[in-house]
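Please read them with the structure open.

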2 protein chains.
Amino acid sequence: LHRIKASGLKLRFCTNETQATRENFVKKLRAMGFDISVAEVTAPAPATCRILRERGLRPHLLVHDDLVPEFAEVDKTNPNCVVLGDAAENFTYANLNEAFRVLIGMEKPVLLSLGRGRYYKETDGLKLDVGAYMKALEYACDVQAEVVGKPAKRFFESALAEMGVPPEQAIMIGDDIVNDVGGAQRCGMRALQVRTGKYR
Amino acid sequence: LHRIKASGLKLRFCTNETQATRENFVKKLRAMGFDISVAEVTAPAPATCRILRERGLRPHLLVHDDLVPEFAEVDKTNPNCVVLGDAAENFTYANLNEAFRVLIGMEKPVLLSLGRGRYYKETDGLKLDVGAYMKALEYACDVQAEVVGKPAKRFFESALAEMGVPPEQAIMIGDDIVNDVGGAQRCGMRALQVRTGKYR
């Protein structure tokens, strides 16, 4: 990381983190010794806020409590879309039914999903990820979610736009063959898979 | 109903009810004045019990509390399949993760779903039905659920077998064009849609 920064190359951290604000994400990484700032992070929540603004969408949020501050500036009155993140403990029967009712009540339901992961591992075991709940709402409302976050093409395009770099001059480095490598390649970038993190 | 019974025609009540035992279902209908007994009811839970017995499956149950007695006789130790019903309030984050973990831990995951409904209406509003949660688990585990209940062909076949009647000599009467009429027709029965109940 130090060598990349010292070389003058432009750099973005592309994460699918949706259980914390960028501020907390960065705090965690800095505590681990990484030289990283909030402005260098591309994450699904701020990317979603951009989409909401551009399209005049007012979200009903079903997300993790710790992610809510990312949507502080967004008009959430009289919602005309549902934004779904990895809500973890907020994935209650009542909250799922509420999000469903908001969605099915729309003339043309709009569902934005912060990722499409199947599951992930925590210290106390495997957990269903946002993608599973996305599928549940898709099926119930007969709608196709728009996925924000890796491996969505527009997510990588958004990171490239923030740097002002064309895809062919960028390389994506990640440990996930689908979300990192595949997504970047479909966007016209080169990509490198590292055998760390969740690689096995 | 009285006229059908008086005529000597054989009769089965085919229901997708999975929030109550047949006993309670019958009790409710009898209180409404219908002449009906438990032995005349074909429902997903007993049909599932038959499948479990035939295939030596031991279920992990994610179903409504009131349905659990239907599985009283079934060996539930060391589960090798998951049985999913409309669990309603039992669709908690913890219970969904637990069912998921049981399923993903199997060499070849087996998921039996008591229906594939998208949603239904209760006095306090629309609720996600079992089909939505089925889709969530299917996606997370990359598995296809086996649906027991209408409109599954084998569900109607099971009702016919209980009566000892071939499909071409039977007629299905129901208010649901997909679950009742479509399912019965695919099974070789004739079917009649009534404009009562949820018809609109």
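1. P151(A) sits in the loop between strand 8 (146–148) and helix 6 (153–163) of chain A. Helices (H or I, at least four residues) and strands (E, at least two) are DSSP runs, numbered from the N terminus. The peptide bond that joins K150(A) and P151(A) is cis, with omega about 5°. Chain B has a cis bond from K150(B) to P151(B), with omega near 5°. P151(B) lies in the loop between strand 8 and helix 6 (153–163) of chain B.

2. A word on the basis of these notes. This is a predicted model: local features need pLDDT of at least 70, side-chain atom pairs count only at pLDDT 80 or more, and totals for chains, interfaces and linings use all residues. Residues are numbered from 1 along each chain as its sequence is written, chains are lettered from A and ligands numbered from 1 in the order in which they are written, and side-chain values use heavy atoms, with hydrogens and water left out.

3. Check the backbone at A88(B). Its phi is positive, about 50°, although A88(B) is not a glycine. A88(B) belongs to the loop between strand 4 and helix 4 of chain B.

4. Next, the sheet of chain A. Four strands form an open sheet in the order 3-4-5-8, with parallel pairing. Two strands count as paired if DSSP finds at least two bridges between them. Strand 3 (59–62) and strand 8 of chain A are the edge strands, and each pairs on one side only. Neighbouring strands are turned by 25° against each other on average, direction ignored. Axes here are lines fitted to C-alpha atoms, for helices over the stretch in contact, and angles run from 0 to 180 degrees between N-to-C directions. Strand 4 (residues 81–84) and strand 5 (residues 111–114) of chain A pair in the parallel sense over three bridges. L84(A) has S113(A) in strand 5 of chain A as its bridge partner.

5. Now the sheet of chain B. It is an open sheet of four strands, order 3-4-5-8, with parallel pairing. Strand 3 (59–62) and strand 8 (146–148) of chain B each have a single partner strand, so one side of each is left without a neighbour in the sheet. The twist averages 25° from one strand to the next. Strand 5 (residues 111–114) and strand 8 of chain B run parallel and are joined by three bridges. L114(B) has V148(B) in strand 8 of chain B as its bridge partner.

6. Contact means heavy atoms within 4.5 Å.

7. Chain B also has a hairpin. Strand 6 and strand 7 of chain B form it, with two residues between them. These strands of chain B run antiparallel and are joined by four bridges. K121(B) has L126(B) in strand 7 of chain B as its bridge partner.

8. How many residues does each chain bring to the contact? Chain B gives 28 residues and chain A gives 28 residues. The two chains bury about 2700 Å² between them, 63% of it on carbon and sulfur atoms. Buried area is the accessible area (1.4 Å probe) that two parts lose on being put together, summed over both. Y93(B), L128(B) and Y139(B) supply 32% of the area that chain B buries against chain A, more than any other three residues.

9. Which elements of chain B give two or more residues to the side that touches chain A? They are helix 4 (93–104), strand 6 (119–122), strand 7 (125–128) and helix 5 (130–141) of chain B. Helix 5 of chain B gives the largest share, eight residues. By class, this side of chain B has 16 nonpolar, four polar and eight charged residues. Ala, Val, Leu, Ile, Met, Phe, Trp, Tyr, Cys and Pro count as nonpolar, Asp, Glu, Lys and Arg as charged, and the others, Gly among them, as polar.

10. The structure holds 24 salt bridges over all chains. K5(A) and D35(A) form a salt bridge through their side chains (3.8 Å, N to O). K5(A) lies in helix 1 (residues 2–7) of chain A and D35(A) in the loop between helix 2 (22–31) and strand 2 (41–42) of chain A, so the pair ties together parts that are 30 residues apart in sequence.

Notes: Salt bridge = Lys/Arg side-chain N within 4 Å of Asp/Glu carboxyl O.
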